[in-house]
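Me: I have a model open and want to learn how to read it. Can you take me through it feature by feature?

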Amino acid sequence: AEKHAGVSCVTASMDDIRFEEAARVGQIIAIRTKVNRAFKTSMEVGIKVTVQDVLTNAEKIVSVAYATYVAKPVGARKVELQPVQLLSAEDHLEHSLAIERRRIRLGYIQVFQKLMQESNKEGDFYSCEEKDAVSTEHTHVQSTELVLPPHANHHGNTFGGQIMAWMQTVASISASRLCRSHPILKSVNMFKFWGPSFVGDRLVFNAIVNNTFHNSVEVGVRVEAYNCEEWIKDQPRHINSAFLVFSAVNDKGELLTFPRVKP
């Protein structure tokens with residue numbers, strides 16, 4: 001992103017990430033990235049992750065993801081990005097698809113804002129009357145992390161990947177309280193940065209199971225940041241939210257069934 005922009009860039013959001021294959025110790029991971037399309041002040045970067053088995057030399061796709069980066073303003077002036085040079089048929093295809101992915105991403109936000117407004121109407125609530133439904137109360141997990149220099153990039157901002165790793169940890173613990181096994185992360189949805197965090201901030205992660213879908217479970221994670229003054233005054237900054245979907249298997253590799261839940 002910074003090679004294209006020529007200035008510092010920050011992550012704005014990640015499109016939904018699907019994990020097709022698990023990467024294990026001893027395998028070689030290759031990560032390939034390129035700017036697919038530049039908009040006025042933001043750009044889409046395509047990320048392809050593959051894993052290679054050193055014994056068989058077989059290469060498999062682990063994940064394909066799309067990140068939106070924003071060029072940091074220089075002073076009071078926003079940086080307008082140059083168009084991407086399209087050199088191949090694949091470049092042209094990704095360039096066309098990028099505008100559609102952007103439209104879908106913006107549509108997500110509008111749809112969820114509308115759903116939240118409707119669900120907040122007085123008297124609107126959800127109830128589950130199933131006899132064996134499990135309360136989600138005991139799936140709530142909270143964790144606090146202190147952002148240290150190794151957790152931050154060259155701007156002093158917390159690595160987005162570090163935040164995602166911490167989110168996965170608390171979400172995995174939350175899911176495990178339902179499946180009583182080791183959950184397997186299948187996707188990360190609507191991973192959006194609402195604001196930055198910095199070295200010295202305290203990040204508080206809250207995770208809870210939102211719902212189950214037979215062989216999978218969705219865990220919602222909210223991240224709030226505090227500097228020293230905000231910590232004392234209990235004034236958090238909401239910096240990130242995401243929805244993580246897990247499955248789980250038994251000793252025979254068969255998918256486990258999750259119980260119905262009662263929020």
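Reply: One caution before we start. This is a predicted model.

Me: How is the protein chain divided into domains?

Reply: Start with the bounds. Domain 1 covers 1–107 and domain 2 covers 132–262. Their C-alpha centres lie 23 Å apart.

Me: How many residues does each domain give to the contact?

Reply: Domain 1 gives 14 residues and domain 2 gives 13 residues. Between them the two domains bury about 1,000 Å². Carbon and sulfur atoms account for 49% of that area.

Me: Which residues in domain 1 lose the most area to domain 2?

Reply: Look at Met14, Ile17 and Phe19. Together they make up 41% of what the domain 1 side buries. Then ask which elements supply that side. Strand 1 (9–14) and strand 2 (17–19) each supply at least two of its residues. The largest share, 6 residues, comes from strand 1.

Me: What is the count of salt bridges between domain 1 and domain 2, and of residue pairs in polar contact?

Reply: The salt-bridge count between the domains is 0. For polar contacts, the count is 9 residue pairs.

Me: Next, the core. What is the general idea?

Reply: In soluble globular proteins, nonpolar side chains tend to be buried together. Here, the largest nonpolar core has 49 residues. Within this core, Leu203 and Val221 touch the most other members. Helix 3 (residues 160–179) gives the largest share, 9 residues.

Me: Why does this core lie between domain 1 and domain 2?

Reply: Both domains give residues to this core, so it lies between them.

Me: What is Leu203 in contact with, leaving aside its neighbours within four places in sequence?

Reply: The list runs to several stretches of the chain. Among the partners are Val147, Ile163, Trp166, Val223 and Ile239.

Me: Now salt bridges. How should I think about them?

Reply: Side chains of opposite charge can pair when their charged atoms come close. In this model the count comes to 10 salt bridges. One of them joins Arg105 and Asp15, at 2.8 Å from N to O.

Me: Which parts does the pair of Arg105 and Asp15 tie together?

Reply: Arg105 lies in helix 2, and Asp15 lies in the loop between strand 1 and strand 2, so the pair ties together parts that are 90 residues apart in sequence. Both residues are buried.

Me: How far apart are the closest N and O atoms of Glu94 and Arg101?

Reply: They are 2.9 Å apart, in a salt bridge. Check burial next. Glu94 has 14% relative accessibility, so it counts as buried. Arg101 also has 14% relative accessibility and counts as buried.

Me: And the salt bridge of Arg237 and Glu230: is each residue buried or partly exposed?

Reply: Their side chains meet at 2.6 Å, N to O. Arg237 is partly exposed, with a relative accessible area of 22%. Glu230 is buried, at 15%. The cut-off is 20%: buried means under that value.

Me: Which residues do salt bridges that share partners join into one network?

Reply: Glu44, Glu94 and Arg101 form that network.

Me: Let me try single residues. Is Asn36 buried or exposed?

Reply: Read the relative accessibility. For Asn36 the value is 3%, so this residue counts as buried. Asn36 is found in strand 3 (residues 28–38). Beyond residues up to four places away in sequence, Asn36 touches partners including Glu44, Glu94 and Arg101. Tyr66, Val84 and His95 are also among the residues it touches.

Me: Ile31 is found in strand 3. Is Ile31 buried or exposed?

Reply: Ile31 is exposed, with a relative accessible area of 58%. Leaving aside neighbours within four places in sequence, Ile31 is in contact with Ile47, Lys48 and Val49. The C-alpha atoms of Ile31 and Ile173 are separated by 28 Å. Along the chain these two are 142 residues apart.

Me: Last one. Where is Glu100 found?

Reply: Glu100 sits in helix 2 (residues 89–119). This residue is partly exposed, with a relative accessible area of 36%. The side chain of Glu100 makes a polar contact with the side chain of Arg103, at 2.8 Å. From Glu100 to Ala152 the C-alpha distance is 32 Å, for 52 residues in sequence.

Methods: Residues numbered from 1 in each chain as written. Predicted model: local features only at pLDDT ≥ 70, side-chain atom pairs only at ≥ 80, totals over all residues. Heavy atoms only, no water. Core = buried A, V, L, I, M, F, W, Y, C linked by side-chain atoms within 4.5 Å. Buried < 20%, exposed > 50% of the residue type's maximum accessible area, 1.4 Å probe, protein only. Helix = DSSP H or I, 4+ residues; strand = E, 2+ residues; numbered from the N terminus. Domains from an automatic or database assignment. Contact = heavy atoms within 4.5 Å. Buried area = accessible area lost by both parts, 1.4 Å probe. Salt bridge = Lys/Arg side-chain N within 4 Å of Asp/Glu carboxyl O. Polar contact = N/O pair within 3.5 Å; in protein donor to acceptor, adjacent residues only side chain to side chain.
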